[in-house]
Amino acid sequence: AGLLASDTAIERHVPTNPATVSHAVTASNAGLAAMAGLGGEMFLWGHLAHNDQERETGLLSGEAGIDAFLDTEIFKYGFGRERPFTGDGRGLFFQGGNSFPSQHAAISWAIASVIAHEYPGPMTQLLVYGLAGAVSATRLAGHEHFATDVLVGSALGWFEGRQVFRSHSLYSDSEIAKWGTFSKNE
């Protein structure tokens, strides 16, 4: 609620230089394409190399991305929030807008969540969550969304990816736990 109340104040501190805004929008689109491409590449490479986990990761990434897309479309229609430079700039809800939640953020975090759950190493998590975070930040910098839109979209996407992984993965937490952590103390 506090973030929602401060959306317009945060928006005033985001740079408005047209070149910066344009670059941010381009970067967010490229970042989302990279996340979707990574999932597709994992599926294709896993299929060609007969790597079941990699193929599964790509397939589940696609499912999570599509689920996040559909969920955000429903929420956008239901909440109807205006974008930052639409109307009076306050981001009013139920005005027929399509700002809440951020679809780019939701899809990129859903894909990142699946990949990070399938490959739980710190470097993998740093890379995929870093890219998803960059997509989210550039949506804000590109004046496409308010901070609340990005935060809710990111959380929705992360949760969506986690649920898809837990529901469908052959390499679930319980399956991995059977084998232990391979540390010296166990």
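**Close-up views of aromatic pairs and a nonpolar core**

View 1. At a relative accessibility of 17%, Trp109 is classed as buried, because buried means under 20%. The model shown here and in the other views is predicted. A search of the whole structure gives seven aromatic pairs. In one of them, Trp109 pairs with Tyr129 in a stacked arrangement, with 5.4 Å centre to centre and 20° between the planes. Trp109 belongs to helix H5 (residues 103–118) and Tyr129 to helix H6 (residues 122–141), so this pair ties together parts 20 residues apart in sequence.

**View 2. The pair Phe93 and Phe94.** Among the seven aromatic pairs of the structure, Phe93 and Phe94 form a tilted one, at 6.3 Å centre to centre and with 50° between the planes. Phe93 is partly exposed, at 22% relative accessible area, whereas Phe94 is exposed, at 61%. Both rings belong to one aromatic cluster, together with Phe75, Phe79 and Phe100.

**View 3. The largest nonpolar core.** This core has 19 residues, and those touching the most other members are Ala64, Ala68, Ile107, Ile111, Ala112, Ile115 and Val128. Helix H3 (18–49), helix H4 (52–79), H5 and H6 each give two or more residues to the core. Helix H5 gives the most, with ten residues.

**View 4. The surroundings of Ile107.** Which residues are in contact with Ile107, leaving aside its neighbours within four places in sequence? They are Leu32, Gly65, Ala68 and Phe69. Ile107 and Ala68 are also both among the core residues that touch the most other members.

Definitions and conventions:
Residues are numbered from 1 along each chain as its sequence is written. This is a predicted model: local features need pLDDT of at least 70, side-chain atom pairs count only at pLDDT 80 or more; totals for chains, interfaces and linings use all residues. Side-chain values use heavy atoms; hydrogens and water are left out. Rings of Phe, Tyr and Trp (its six-membered ring) pair if their centres lie within 6.5 Å; planes under 30 degrees apart count as stacked, over 60 as edge-to-face and the rest as tilted. Buried means under 20% relative accessible area, exposed over 50%, partly exposed in between (1.4 Å probe, protein chains only). Helices (H or I, at least four residues) and strands (E, at least two) are DSSP runs, numbered from the N terminus. A nonpolar core is a set of buried Ala, Val, Leu, Ile, Met, Phe, Trp, Tyr and Cys residues joined through side-chain atoms within 4.5 Å. Contact means heavy atoms within 4.5 Å.
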